[in-house]
Amino acid sequence: MHMHPPILAALFEFARTPVSMCSAGILVFLIALWAAKTDIASARGLDKVVALSNLCFAVPLAVFGALHLSAAHGLMSMVPSYMPWHLFWAYFVGVALLSASLSIATKIQVRWSGLLFGIMMFLFVALLIIPGVLAHPRDRFPLTFVFRESSFGGGGWILAGSAILAGNALHEKGSEKGREHSGSRLITVGCVLIGIAAIFFGVEHFLHPVNVPGVPLEKLMPTWLPGRVLISYLTGAILLVAGACMLLARKTRLAATYLGTWIVLLVLFVYGPILIASLADPSTAVKVEGINYFADTLLFAGAILALASATPRTD
């Protein structure tokens with residue numbers, strides 16, 4: 001069928017953002033899966049899920065990076081008014097996220113990409129989210145964003161700390177003691193941040209059991225999902241127990257492995273159908289929202305699995 005150029009242009013404009021997000025995510029998924037194939041093959045039991053930590057972390061970064069590049073003009077309004085060059089920062093964050101995604105997926109220079117990604121998340125909390133918390137103290141969602149972004153930043157620092165320790169193991173020298181100490185501290189800080197977020201999210205699941213599980217945001221679980229309240233309560237209980245184990249440094253690897261695996265299952269069987277339904281919707285905003293929820297929760301799973309991977313088996 002012949003289509004006029006204005007119609008083609010409109011279709012391209014509406015499809016550009018979700019298509020670029022999905023394409024970037026699929027490409028990085030394949031790259032990360034290839035890089036992790038040896039670790040997955042040698043792992044046993046739930047350690048196979050732990051071996052996917054870099055993949056679960058890298059794919060959402062690619063998705064969000066593509067979002068920043070394809071919808072920069074819409075996102076630049078989020079830049080604080082006192083900062084110059086709003087459009088530049090939207091593009092800069094997009095390039096930074098894509099670079100970090102490729103680094104983490106291929107496990108190349110993760111000590112820098114994880115560290116810098118964590119710093120960027122904490123800057124987002126300080127510059128973008130905390131003002132919203134102060135402006136709307138009775139709104140629970142800005143506070144949820146604080147803990148969500150902090151857990152993401154903590155996951156980046158855990159990846160960086162693990163890379164530093166792995167590099168030191170290959171070059172055991174006296175001069176590397178300081179770096180080893182810094183790597184351990186990054187993992188400890190990340191563990192505390194994820195533990196605090198897990199406990200906060202766990203409480204939210206019991207207070208608001210019909211919101212989406214894992215990272216409890218505004219969206220409600222679909223009514224067609226069987227046992228949605230039971231899923232929420234079970235997720236809340238797992239979050240509370242795992243968060244307490246992380247903060248008390250008791251069975252941290254076991255707790256992070258089980259919690260990370262459960263969040264991955266939620267991504268597949270709760271957010272997966274939500275994603276499919278949103279992509280079938282004609283609205284671009286609905287498509288982007290569905291992709292964002294899927295990627296957000298997958299990134300939370302990646303941070304938790306990174307903690308499990310970084311924790312010694314003797315824990």
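## Serine 232 and helix H10

Serine 232 is buried, because its relative accessible area is 0%. The model is a predicted one. Serine 232 sits in helix H10. Beyond residues up to four places away in sequence, serine 232 touches His205, His208, Pro209 and Met221.

Helix H10 runs over residues 228–248. The helix has 21 residues. From first C-alpha to last, H10 reaches 30 Å, close to the 30 Å expected at 1.5 Å a residue. Its buried residues are Ile231, Ser232, Thr235, Gly236, Leu239, Ala242, Gly243, Cys245 and Met246. An α-helix has 3.6 residues a turn, so residues three or four places apart point the same way. Just after H10, alanine 249 takes a positive phi of about 55°.

## Isoleucine 238

Isoleucine 238 also belongs to H10. Is isoleucine 238 buried or partly exposed? Isoleucine 238 is partly exposed, because its relative accessible area is 23% and the buried class ends under 20%.

Leaving aside neighbours within four places in sequence, isoleucine 238 is in contact with Leu259 and Trp262. Alanine 24 lies elsewhere in the fold: isoleucine 238 and alanine 24 are 32 Å apart, C-alpha to C-alpha. In sequence, the two are 214 residues apart.

Helix H7 covers residues 110–135, which is 26 residues. How far apart are the end C-alpha atoms of H7? They are 36 Å apart. At 1.5 Å a residue the helix should span 38 Å, so the two values agree.

H7 has a kink of about 40° at isoleucine 129. The kink lies shortly before proline 131. Isoleucine 129 is among the buried residues of H7.

## Two loop residues with positive phi

Glutamine 109 is found in the loop between H6 and H7. Its phi is near 55°, a positive value in a residue other than glycine.

Tryptophan 85 is placed in the loop between helix H5 (72–75) and helix H6 (86–106). Phi of tryptophan 85 is near 60°, again positive in a residue other than glycine. Is the side of this residue buried or exposed? Tryptophan 85 is exposed, because its relative accessible area is 60%.

## Where H4 meets H12

Helix H4 spans residues 53–70, and helix H12 spans residues 284–310. Their axes come within 7 Å. They cross at roughly 145°. The crossing of H4 past H12 is left-handed.

Which residues make the contact? H4 supplies Ser53, Cys56, Phe57, Val59, Pro60, Leu61, Val63, Phe64 and Leu67. H12 supplies Val288, Ile291, Asn292, Ala295, Asp296, Leu298, Leu299, Gly302, Ala303, Leu305, Ala306 and Ser309.

Threonine 297 has its place in H12. Threonine 297 is buried, because its relative accessible area is 1%, and the cut-off for buried is under 20%. Not counting residues up to four places away in sequence, threonine 297 touches Ile263, Val267 and Tyr271.

Arginine 313 is found in the segment after H12. Arginine 313 is exposed, because its relative accessible area is 62%, and exposed means over 50%. Not counting residues up to four places away in sequence, arginine 313 touches Asp47 and Arg253. Arginine 313 and threonine 252 are 61 residues apart in sequence. In space, their C-alpha atoms are 9.7 Å apart.

## Cysteines

How many disulfides does the structure hold? It holds zero. Cysteine 22 is in no disulfide. The nearest cysteine sulfur to that of cysteine 22 belongs to cysteine 56, 17 Å away. Cysteine 245 is in no disulfide either. For cysteine 245 the nearest cysteine sulfur is that of cysteine 191, 10 Å away.

Cysteine 22 counts as partly exposed, because its relative accessibility is 27%.

Terms used: Residues are numbered from 1 along each chain as its sequence is written. This is a predicted model: local features need pLDDT of at least 70, side-chain atom pairs count only at pLDDT 80 or more; totals for chains, interfaces and linings use all residues. Side-chain values use heavy atoms; hydrogens and water are left out. Helices (H or I, at least four residues) and strands (E, at least two) are DSSP runs, numbered from the N terminus. The expected span of a helix is 1.5 Å times one less than its number of residues. The bend at a residue is the angle between axes fitted to the seven residues ending there and the seven starting there. Buried means under 20% relative accessible area, exposed over 50%, partly exposed in between (1.4 Å probe, protein chains only). A disulfide is a pair of cysteine sulfur atoms within 2.5 Å. Axes are lines fitted to C-alpha atoms, for helices over the stretch in contact, and angles run from 0 to 180 degrees between N-to-C directions. A crossing is left-handed if the near helix is turned anticlockwise from the far one by less than a right angle, and right-handed if clockwise. Contact means heavy atoms within 4.5 Å.
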